[in-house]
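Biologist: Please take a close look at one part of this protein for me. I would like to follow the charged side chains and their partners.

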Amino acid sequence: MAGCDSFSADGEAVDGGKALPALQLPCLVGDQDVPLGDLGGRPVLLNLWASWCAPCREEMPLLQAAYEGNGDRVGFLGVITEDTRSAAASLLADLDVTYAHVVDQDKELLTELAAPGLPVTLAVAADGRILDRQIGQASATRLDELVSVLVEDAARTP
């Protein structure tokens, strides 16, 4: 499983549009904290999930496939929400999920987003703006749409 090095803050301020809240969440691997308000200046597909969430478990292989096909163009970051590290790590290992994950034990991000439940997938622009979101389980087609939104936005941004 990947660490969170690629999500190090780049110091760029987020301006305009609805942005991710300025939370710092610990990486599942290692001891690095990831600042959600500054994900290193690249577009990111961010997925909130938990091991106890059946739709999340069903969606996970689709996210891994999307990561394998698009991880060179878009960052992928999982947010383990209101779950234990051990249960989450076990599920990720069982499903051979390799992209980076952070831990949100207190479901702060889910609460800040005012989302009714899990899973939630966000298309986050390089400058931190939330461009699109999927509440509930995403299909492979919907994940492709979210990635396309990110790639197209990145192409328009100088």
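Modeller: What follows is a walk through the salt bridges and the charges around them. Keep in mind that this is a predicted model. The count comes to five salt bridges. Side chains of opposite charge can pair when their charged atoms come close.

Start in helix 4, residues 140–156, which holds both Arg-142 and Glu-145. They sit three residues apart, about one turn of the helix. Arg-142 forms a salt bridge with Glu-145, with the closest N and O atoms 3.3 Å apart. Arg-142 counts as buried because its relative accessibility is 16%, under the 20% cut-off. Glu-145 is partly exposed at 40%.

Arg-142 has another partner. Its side chain makes a polar contact of 2.8 Å with the side chain of Gln-134. Gln-134 belongs to strand 7, residues 130–135. Gln-134 is buried too, at 17% relative accessibility.

Now take Asp-153 and Arg-156. Their side chains meet in a salt bridge of 3.7 Å, N to O. Asp-153 is buried, with a relative accessible area of 8%. Arg-156 is exposed, at 61%. Salt bridges with shared partners join these two, Asp-127 and Arg-129 into one network. Within it, Arg-129 pairs with Asp-127, the closest N and O atoms being 2.8 Å apart. Asp-127 is partly exposed, at 28%.

Finally, the surface carries a patch of negative charge, made up of Glu-82, Asp-106, Glu-108 and Glu-112. Asp-106 lies in the loop between strand 5 and helix 3. Asp-106 is exposed, with a relative accessible area of 59%.

Conventions. Residues are numbered from 1 along each chain as its sequence is written. This is a predicted model: local features need pLDDT of at least 70, side-chain atom pairs count only at pLDDT 80 or more; totals for chains, interfaces and linings use all residues. Side-chain values use heavy atoms; hydrogens and water are left out. Patches are made of residues with over 30% relative accessible area and no salt bridge: like charges are joined within 9 Å, nonpolar side chains (Val, Leu, Ile, Met, Phe, Trp, Tyr) within 5 Å. Accessible areas come from the Shrake-Rupley method with a 1.4 Å probe; for residues, only the protein chains shown count as cover. A salt bridge is a side-chain nitrogen of Lys or Arg within 4 Å of a carboxyl oxygen of Asp or Glu. Lys and Arg count as positive and Asp and Glu as negative; His and the chain ends are not counted. The place of a charge is taken as NZ of Lys, CZ of Arg, CG of Asp or CD of Glu. Helices (H or I, at least four residues) and strands (E, at least two) are DSSP runs, numbered from the N terminus. Buried means under 20% relative accessible area, exposed over 50%, partly exposed in between (1.4 Å probe, protein chains only). A polar contact is a pair of N or O atoms within 3.5 Å; within protein, one must be able to donate a hydrogen and the other to accept it, and residues adjacent in sequence count only if both atoms are side-chain atoms.
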